[in-house]
Amino acid sequence: MTAPATDAHAGGGRRRFVAPPREDVDAASFRHPLFGEYGDLLDLAAAARWPEIEALNARMPASGPRFARQDAALLTDGLHYEERIARGRIATRPENWHDLFNAMVWMRHPALKHALNRQQCRHIARMGTSERSPAQQALTQFDETGVIVQVSDPSLLDLWDRHDWTALFHANAERWHDGGIAAVAVAGHALMEQVLVPARLLVGKCLVVLGDPAGAVARVAASIAAGGILAAPSELRPLPLAGIPGWHAGQGEAFYAQEGYFRPLREGRVYPPPL
């Protein structure tokens, strides 16, 4: 999606997030673990100058849609953003962090992005563009702030589902490094944009794959494409990303006791089984 990013900070209401100018972004921001799987694409973000649309298309898989400069001429086609993608063009604003990171996710996870687009188009065809179904809201939330988490130890998923954050992150810190649980893919380009502000506390909206991490992204993409998941936003598990060991400075029991960020489980809240 190319709508302006909303603030993913846990505290306060949702509000429009304004990313810092390119010249004000510290290059150290791109060493954050959130960018771990995007290493070979980070030159697009870390270079002194914004990449041209042609440079983005040169990095796109040949089978994918093409990035197109979002200008008045492009928008005269009257198409919804998602419908335009289905016809082969991704409207992309120049010199814009949100759209640049969206492009990078397309480059890294084209099957996932295609699946999200197809489902959005299916709902648009059924409902039109004046209303949005719960499924469209879920698809958008995952597109903007989605993380795919692999869990091999079901006891860790139980801690997560109970919002026992101290146990999940602090007492089991080593399990985030030995394969017990791991964030295997960051799909949310709004998260990438907001991590440019140092020390920001972000929350990912997660889909969980149980078992071997190999093929986790492909499994999620296939499930989305089949319409088997993301029927409503409640299917997405919130994960305070700053709690992941090594993802934020100053982690400790006092840090995880911040209820404004590490929120307790809401009464009646139940999460769906993992994939």
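## Salt bridges overall

The whole structure holds 12 salt bridges. A salt bridge here is a side-chain nitrogen of Lys or Arg within 4 Å of a carboxyl oxygen of Asp or Glu. This is a predicted model: local features need pLDDT of at least 70, side-chain atom pairs count only at pLDDT 80 or more, and totals for chains, interfaces and linings use all residues. Residues are numbered from 1 along each chain as its sequence is written, and side-chain values use heavy atoms, with hydrogens and water left out.

## D40 and R108

D40 pairs with R108 in a salt bridge, at 2.2 Å from N to O. D40 sits in the segment before helix 1 (43–46) and R108 in helix 5 (residues 97–108), so the bridge ties together parts 68 residues apart in sequence. Helices are DSSP runs of H or I, at least four residues, numbered from the N terminus. R108 has 26% relative accessibility and therefore counts as partly exposed. The classes are buried (under 20% relative accessible area), exposed (over 50%) and partly exposed in between, with a 1.4 Å probe and protein chains only.

## K113 and D143

K113 forms a salt bridge with D143; their closest N and O atoms are 2.6 Å apart. This pair links distant parts of the chain, 30 residues apart: K113 belongs to helix 6 (residues 110–127) and D143 to helix 7 (residues 134–145). Both K113 and D143 are buried.

D178 is partly exposed, because its relative accessibility is 47%.

Note on methods: Helix = DSSP H or I, 4+ residues; strand = E, 2+ residues; numbered from the N terminus.
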